[in-house]
Amino acid sequence: MHRRQGRELAGRRNAEQVLAVLTEAARPLTAYELLDRLSSSGITAATTVYRALARLISAGHVHRLNSLNAYIACDNNYHTEQSAVVFVVCRVCHATAEIAVPSVTKVLDERLGDHGFSIVAANIEINGLCADCAKRRPEG
């Protein structure tokens, strides 16, 4: 096997491991949280995790949540390039839900088109409180 093929195979294997951890996680994880969870499987460098994340994001299997500086596995296959992906993120417990909203992209595309801007991808984050945290929140 050529060296390049070996690196490609290792890259795929690393991406599969990262995706498995993100899929099983109950919440979005930072790259260093991923590294901690993957260290027993032989992934010991942050650069390896970041390369795997880049590969997974490019393939549409993982999303980066800017507000948390964390990553989450794509939990649906129903969104398309015409759909905005809206993430609702609890500001207390970081519970996250992913929702595809085609109408948002349509409206944004129309408004931004007036300025000569075309959307390549739209990921929108909305921060608030999940139902559980809202119930625990003191009145006032």
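## Exercises on a predicted model

Asn 69 counts as partly exposed, at 44% relative accessibility. The exercises below concern a predicted model.

**Exercise 1.** Carry out the corresponding analysis for His 94, and classify its accessibility.

*Solution.* His 94 sits in the loop between β3 (84-90) and β4 (96-101). Its phi is about 65°, a positive value although the residue is not a glycine.

**Exercise 2.** Classify the geometry of the aromatic pair and state which elements the pair links.

*Solution.* The structure holds one aromatic pair. Such a pair is described by the distance of the ring centres and the angle of the planes. The centres of the Tyr 32 and Tyr 50 rings are 6.5 Å apart, and their planes stand at 75°. Planes over 60 degrees apart count as edge-to-face, so the pair of Tyr 32 and Tyr 50 falls in that class. Tyr 32 lies in helix α2 (residues 31-38) and Tyr 50 in helix α3 (residues 46-58); the two are 18 residues apart, and the pair links distant parts of the chain. Tyr 50 itself counts as partly exposed, at 37% relative accessibility.

**Exercise 3.** Is His 63 buried or exposed, and with which side chain does it make a polar contact?

*Solution.* His 63 is found in strand β1 (residues 62-65). Its relative accessible area is 7%. The limit for burial is under 20%, so His 63 is buried. The side chain of His 63 makes a polar contact with that of Glu 98, at 3.2 Å.

**Exercise 4.** Describe the open sheet of three strands and the helix that packs on it.

*Solution.* The strand order is β4-β3-β5, with mixed pairing. β4 and β5 (123-128) are the edge strands, each pairing on one side only. On average, neighbouring strands of the sheet are turned by 25° against each other, direction ignored. β3 and β4 run antiparallel and are joined by six bridges; Val 89 has Thr 96 in β4 as its bridge partner. Finally, helix α4 (residues 102-113) packs on the sheet and touches β3, β4 and β5, with its direction at about 60° to that of β4.

Note on methods
Residues numbered from 1 in each chain as written. Predicted model: local features only at pLDDT ≥ 70, side-chain atom pairs only at ≥ 80, totals over all residues. Heavy atoms only, no water. Phe/Tyr/Trp six-rings, centres within 6.5 Å; stacked < 30°, edge-to-face > 60°. Helix = DSSP H or I, 4+ residues; strand = E, 2+ residues; numbered from the N terminus. Buried < 20%, exposed > 50% of the residue type's maximum accessible area, 1.4 Å probe, protein only. Polar contact = N/O pair within 3.5 Å; in protein donor to acceptor, adjacent residues only side chain to side chain. Pairing = 2+ DSSP bridges. Axes fitted to C-alpha atoms, helices over the stretch in contact; angles between N-to-C directions. Contact = heavy atoms within 4.5 Å.
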